[in-house]
Amino acid sequence: MIEASLAEGVVGRAIERGLIDVAIHDLRNFTADRHRSVDDVPYGGGPGMVMKPEPIFKALDAIEARRGGRPTVLLTTPQGARFTQAAAERYSSSKNVVLLCGRYEGVDERVLSRVDEEVSIGDYVLSGGELPALVVVDAVARFVPGVVGDDQSVAEDSFSRGLLDFPHYTRPAVVGAERVPEVLLSGNHAEIRRWRKRESLARTLVRRPDLLEKATLDEEERRLLAELQELQDGRIAELQNRKTGQ
Ligand code: 4FV
């Protein structure tokens with residue numbers, strides 16, 4: 001599953017070009033019993049199985065020996081802190097990141113003594129930590145110089161600035177009755193930049209107001225946001241009036 005996903009796209013090309021190196025370790029190779037057991041029944045009873053600590057410890061030892069030095073060890077689990085663009089950027093400054101992928105009910109709690117951060121990609125339960133690990137690899141790899149064609153686009157990625165992205169359009173200019181916003185056809189780059197800022201702010205204000213608290217806004221954005229909030233307050237007041245039939 002992991003090899004297949006890493007063979008494609010931006011990450012696949014980055015691996016081919018040697019910009020990043022991804023090694024995959026089968027925990028069964030770090031077992032001692034003839035059944036190569038990586039899981040066992042839970043102490044205290046209950047459904048499902050739990051991943052044994054020893055194979056994980058041995059795998060981490062082998063990785064440290066091979067890579068030389070203490071890696072940043074991340075466990076993908078619903079119990080972790082929500083994964084964000086900021087976390088992706090932070091992990092990208094580590095020389096070696098190990099992603100520990102759980103299966104079954106999860107890993108033995110004693111494994112956490114070797115884990116730096118528990119990372120969740122969302123409040124839902126998957127059958128394994130591999131897909132979340134691939135999400136982390138993809139988001140972190142984009143911060144490695146050269147991985148994404150135009151490093152500028154990473155800097156402008158949504159969330160890099162803490163705002164939702166502005167709408168994107170491409171040819172043709174008209175589809176059915178839908179025209180591309182005039183400003184984008186104007187060639188007036190100052191106007192286009194202002195329009196994009198306003199659209200990002202408007203979307204963030206409506207869909208993710210929580211992000212605005214953390215976002216770093218420049219002077220122009222603060223002014224645009226104030227205008228949008230005024231508009232929004234006006235609309236909310238209007239709706240309330242309509243509701244109360246005033
Ligand atoms: C998950 C998540 C996730 C839970 C049990 C693996 C599964 C199984 N990981 N964000 N959501 N993991 O559902 O990171 O061991």
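Student: What makes K52 partly exposed?
Tutor: This is a predicted model, and the relative accessible area of K52 is 21%.

Student: Why is the contact of E54 and K52 called a salt bridge?
Tutor: Their N to O distance is 3.9 Å. The cut-off is within 4 Å, so the pair passes. E54 is partly exposed too, with a relative accessible area of 37%.

Student: How many salt bridges are there in the whole structure?
Tutor: A search finds 16.

Student: What makes K197 and E220 a salt bridge?
Tutor: The closest N and O atoms are 2.7 Å apart. K197 lies in helix α8 and E220 in helix α10, so the pair links distant parts of the chain, 23 residues apart. Both K197 and E220 are buried.

Student: How do you know that R242 is exposed?
Tutor: Its relative accessible area is 56%. Exposed means over 50%, so R242 qualifies. E238 has 44%, so it counts as partly exposed.

Student: What separates R242 and E238 along helix α10?
Tutor: They are 4 residues apart, so about one helical turn lies between them. Their side chains meet in a salt bridge at 3.2 Å, N to O.

Notes. Residues numbered from 1 in each chain as written. Predicted model: local features only at pLDDT ≥ 70, side-chain atom pairs only at ≥ 80, totals over all residues. Heavy atoms only, no water. Buried < 20%, exposed > 50% of the residue type's maximum accessible area, 1.4 Å probe, protein only. Helix = DSSP H or I, 4+ residues; strand = E, 2+ residues; numbered from the N terminus.
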